[in-house]
Amino acid sequence: MISTLQKTIRPMWAVRGLHMSAVEALKQPTPKDTVTGSFGKFISEVKPEHLSSVVLHRSKRMVMDSIGVGLIGSTTDVFELALQHCQHMYAPDDISSVYGRKGARLSPTLAAFVNGVATHSMDFDDTWHPATHPSGAVLPAVLALSDMMSAKPSGLDFLLAFNVGIEIQGRLMRFSNEAHNIPKRFHPPTVVGTMGSAAACARLLSLDHSQCSHALAIAASLSGAPMANAATQSKPLHIGNASRLGLEAALLASRGLEASPLVLDAVAGVAGFNAFYEDYVPQHLGSPNADGHMFLLEEQDIGFKRFPAHLGMHWVADAAASVHKLLVGVGPGTVSTGEIQDILLRVPLSKYINRPFPESEHQARHSFQFNACSALLDGEVTVQSFTPAAITRPDLHTLLSRVHVEHPHDNPANFNLMYGEVQVTLVGGDILKGRCDTFYGHWRNPLTNESLRKKFRNNTGTVLPSEKVERLIEVLEDLDKLEDCDPLLSKLQ
């Protein structure tokens, strides 16, 4: 009788008709014990007083630079296409301002989109390590959401939200060694940028810890774009979509939409955020109230570009500029292509920035060869280097035809470890070499405040009158002291 009973007794999960995976889900830890829950808790609990003076200073520089590149980006063809698309395909919703276009307003999510496109339209925006463009995905969303809010956030609350978006991106990228290198599969801002935008907007909306976790999980379902679209007009859409979709994720979470409570955790057999990184090892994010917590921006400064191109171009441009000086001496001078027999570049192996004969401005911004030859001819690379007239110069194409590329084993595709070397062999046999290990603007050699202001004035001066530019600089440098951020919002057109 006993043996008969033993044969008929089944596990309770089988009696109830539950699949074994459902039982495993019931055994999962409570939300606050998960990696995802720890991120939601951090976002909901962090306060302005957790921002150190270093973090405030560095983040205000990031906001200034990002607005500047966004404003000059509003003059580009790809921005115009994105703006026209939004104005013609969607019903008018005059809430949030558009960079550089007086009187132009869109819905908050569309404004975040077009301003994000503007920010990355020239590849002039900041870069961090591990490799991503952190500000462009976050700032347009925070600006658009601030425009939407009837009670405008203070400058300090605005900066807090922005820093939360930067922090979340940095933490997620540190879960993978793959993320430290120049990307091959996904464009990083479309992965961590969307998450950062969602986190920043969740903080600005004062969502609770559960809603913040759901905002991240919703954003994960809206993330990811392939590197194949680098060096095309579609690449700026990556930043625009990251900003827009992160904002949408936070707004959906604020309305009660739910998503996976384990999206950032490593769950065997079920891909969450680890779908984007093959070596993903997540860790809990500690409470901002804990002793010893430090924002990553305090540990790792940001990289600002001096000219509008992929960050890797700055190494070869500086190395080539040093050879230019050897050829022409100090001061303005002209390099004769007839003097040059051969050009050798020693750069990291990265296929999408190895473009021997770029045919468009977007390809030129992603070409070691183009930027080295431009700097060799002119002594520098500037905004004007990517105009159609500059790209099609016969002298430039003559030099491009003489370029060879090597990829030394000691030169990894990593913005923290790479170098650029240019070796020019002259017709007479003489060899000139230039090498750059850390360019001016890199986080190890950051732009001075005056250099950053100069870049900002040059960029914004293409759109705004000089008096407005100077007032905007004053507002940005005192942003943390503003009672509300309306003085900033009103000066972007």
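This is a predicted model: local features need pLDDT of at least 70, side-chain atom pairs count only at pLDDT 80 or more; totals for chains, interfaces and linings use all residues.
1. Helix α4, which spans residues 35-45, is mostly covered, with nine of its eleven residues buried. The buried positions are Val 35, Thr 36, Gly 37, Ser 38, Phe 39, Gly 40, Phe 42, Ile 43 and Ser 44. Among the elements that cover these buried residues of α4 are α9 (155-173), α10 (188-204) and α11 (209-220), and two of these helices, α10 and α11, are taken up again below.

2. The packing of α4 against α10 has an angle of about 45°, and the two axes lie 8 Å apart. Because of that angle, α4 counts as oblique to α10. The crossing of α4 and α10 is right-handed, and the contact is made by Ile 43, Ser 44 and Glu 45 on the α4 side and by Ala 199, Ala 202 and Arg 203 on the α10 side. By residue class, the contact of α4 with α10 consists of three nonpolar, one polar and two charged residues. Of the α4 residues named here, Ile 43 and Ser 44 are also listed as buried.

3. Helices α10 and α11 cross at roughly 155°, and their axes come within 9 Å. An angle over 145 degrees counts as roughly antiparallel, and α10 and α11 are therefore roughly antiparallel to each other. The crossing in which α10 passes α11 is right-handed; α10 contributes Thr 194, Met 195, Ala 198, Ala 199 and Ala 202 to the contact, while α11 contributes Cys 212, Ala 215, Leu 216, Ala 219 and Ala 220. The residues of this contact of α10 with α11 divide into nine nonpolar and one polar, with no charged residue. Ala 199 and Ala 202 of α10, which take part here, also belong to the contact of α10 with α4.

4. The largest nonpolar core comprises 98 residues, and those with the most contacts inside it are Ile 67, Ile 168, Leu 264, Phe 273 and Leu 488. Helix α9 gives the most to this core, namely ten residues, and α9 is also one of the elements covering the buried residues of α4. As background, nonpolar side chains tend to be buried together in soluble globular proteins.

5. Which residues does Leu 488 contact, leaving aside its neighbours within four places in sequence? They are Ile 67, Leu 143, Phe 158, Leu 472, Val 475, Leu 476 and Leu 479. A second, separate core has 47 residues, including Ala 372, Ala 413, Val 422 and Val 424.

Key. Residues are numbered from 1 along each chain as its sequence is written. Side-chain values use heavy atoms; hydrogens and water are left out. Buried means under 20% relative accessible area, exposed over 50%, partly exposed in between (1.4 Å probe, protein chains only). Helices (H or I, at least four residues) and strands (E, at least two) are DSSP runs, numbered from the N terminus. Contact means heavy atoms within 4.5 Å. Axes are lines fitted to C-alpha atoms, for helices over the stretch in contact, and angles run from 0 to 180 degrees between N-to-C directions. Angles under 35 degrees count as roughly parallel, over 145 as roughly antiparallel, 65 to 115 as roughly perpendicular and the rest as oblique. A crossing is left-handed if the near helix is turned anticlockwise from the far one by less than a right angle, and right-handed if clockwise. Ala, Val, Leu, Ile, Met, Phe, Trp, Tyr, Cys and Pro count as nonpolar, Asp, Glu, Lys and Arg as charged, and the others, Gly among them, as polar. A nonpolar core is a set of buried Ala, Val, Leu, Ile, Met, Phe, Trp, Tyr and Cys residues joined through side-chain atoms within 4.5 Å.
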